[in-house]
Amino acid sequence: MGERLRLAVGVMGNAASMLLYAAPMLTFSRVMKKKNIEGFTCVPYVLALFNCCLYTWYGLPIVSYKWENFPVITINGIGILLEVSFILIYFWFSSTKGKKEVAKMVVPIILICVATGIISTFVFHEHRRRKVFVGSIGLVASIAMYASPLVVVRQVIKTKSVEFMPFYLSLFSFLASGLWMAYGLLSHDLFLASPNLVGTPLCILQLILYFKYRKNPVNELEPQKWPDLEYNDDKLKQEFKLEEKKDQSMLVVTENLSTKT
């Protein structure tokens, strides 16, 4: 009964994580349509790729005992494919400077993952020690991935607007984090449960802030302070064009008045 429950939770965790990993598809369909990254940041996708690579390796029989963590392998394997796709699209449409920034982030992560695989395979000869080694590195990667939305949380608190914190993204994060925490606890695996013990409260905080500020009007933001926020980009451009026209008309009026005087 306990094994069936653990497997069922793992399957539900796969479904929730799939929705979470697929969420940026709308963003990147917009990037491909406009052929411009519009100031979006690649950091969340690089961190997610790092996390998926480590936990795919963690779930394989080389590290884990046989196929005890098969649900972990399936979803993180899919996550690798999706995150690599997003990063390649970002790389293709970014500037030369942007391409260099992506390379600076991706290359060290690949080297760390390769080094982790080599060390865990040839240095440690027991599953327990391999799990401790790979799981410790995966724990750091997961916490970094879950900590990245804190920037958005700070923006929401500051602006009292949830325009830049989509509800479904927060909901899917909460579901995935909660289900994988339960899976880790049922498996008696702290390296699967611990990251989600951090991630679940952060997701709950996002949902609380959403329901608190969801009815608030959208605040006007300056473009130089918010260069990477997708949802307000077109609206800001229109607003600032109107402001420029108003400023020009005011300048003409003041010039006419000065000429008359």
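What share of the 261 residues in the protein chain is buried? Buried residues make up 39% of them, where buried means under 20% relative accessible area, exposed over 50% and partly exposed in between, using a 1.4 Å probe and protein chains only. Keep in mind that this is a predicted model, in which local features need pLDDT of at least 70 and side-chain atom pairs count only at pLDDT 80 or more, while totals for chains, interfaces and linings use all residues. Residues are numbered from 1 along each chain as its sequence is written, and side-chain values use heavy atoms, with hydrogens and water left out.

Let's start with the overall layout. The protein chain has ten helices and zero strands; helices (H or I, at least four residues) and strands (E, at least two) are DSSP runs, numbered from the N terminus. Of the contacts in the protein chain with a separation of 6 or more, 78% are accounted for by residues 24 or more positions apart, a contact being heavy atoms within 4.5 Å.

Now for the annotation. An unreviewed UniProt entry carries "transmembrane region" over residues 6-28, 40-58, 70-93, 105-125, 131-153, 165-186 and 192-211; its positions are given in the numbering used here, feature names are shortened, and annotations may be inferred rather than shown by experiment. Take residues 70-93: the chain there is 100% helix and 0% strand, with the end C-alpha atoms 35 Å apart. Over residues 131-153 it's 91% helix and 0% strand, and the end C-alpha atoms are 33 Å apart.

On to the inside. The largest nonpolar core has 34 residues, and Ile-87 and Tyr-90 have the most contacts inside it. A nonpolar core here is a set of buried Ala, Val, Leu, Ile, Met, Phe, Trp, Tyr and Cys residues joined through side-chain atoms within 4.5 Å. The elements that give two or more residues to this core are H1 (2-22), H2 (25-34), H3 (43-59), H4 (70-93), H5 (96-122), H6 (127-147) and H8 (167-186). H3 brings the largest share, eight residues. Apart from this core lies another, of seven residues, including Val-153, Val-162, Tyr-210 and Tyr-213.

What does Tyr-90 touch, leaving aside its neighbours within four places in sequence? Tyr-90 is in contact with Phe-28, Ile-37, Phe-40, Thr-41, Cys-42 and Val-102.

Two helix pairs are worth a look. H2 and H4 pack at an angle of about 25°, with their axes 10 Å apart; axes are lines fitted to C-alpha atoms, for helices over the stretch in contact, and angles run from 0 to 180 degrees between N-to-C directions. H3 and H5 pack at about 10°, with their axes 10 Å apart, so H3 is roughly parallel to H5. Among the H3 residues meeting H5 are Phe-50 and Trp-57.

Asp-189 sits in the loop between H8 and helix H9 (190-213), and it counts as buried because its relative accessibility is 5%. Leaving aside neighbours within four places in sequence, Asp-189 is in contact with Tyr-58, Asn-69, Lys-131 and Gly-184. Arg-129, found in helix H6, counts as partly exposed at 45% relative accessibility. Arg-129 and Val-63 are 66 residues apart in sequence and 8.6 Å apart in space, C-alpha to C-alpha.

How values were computed
Angles under 35 degrees count as roughly parallel, over 145 as roughly antiparallel, 65 to 115 as roughly perpendicular and the rest as oblique.
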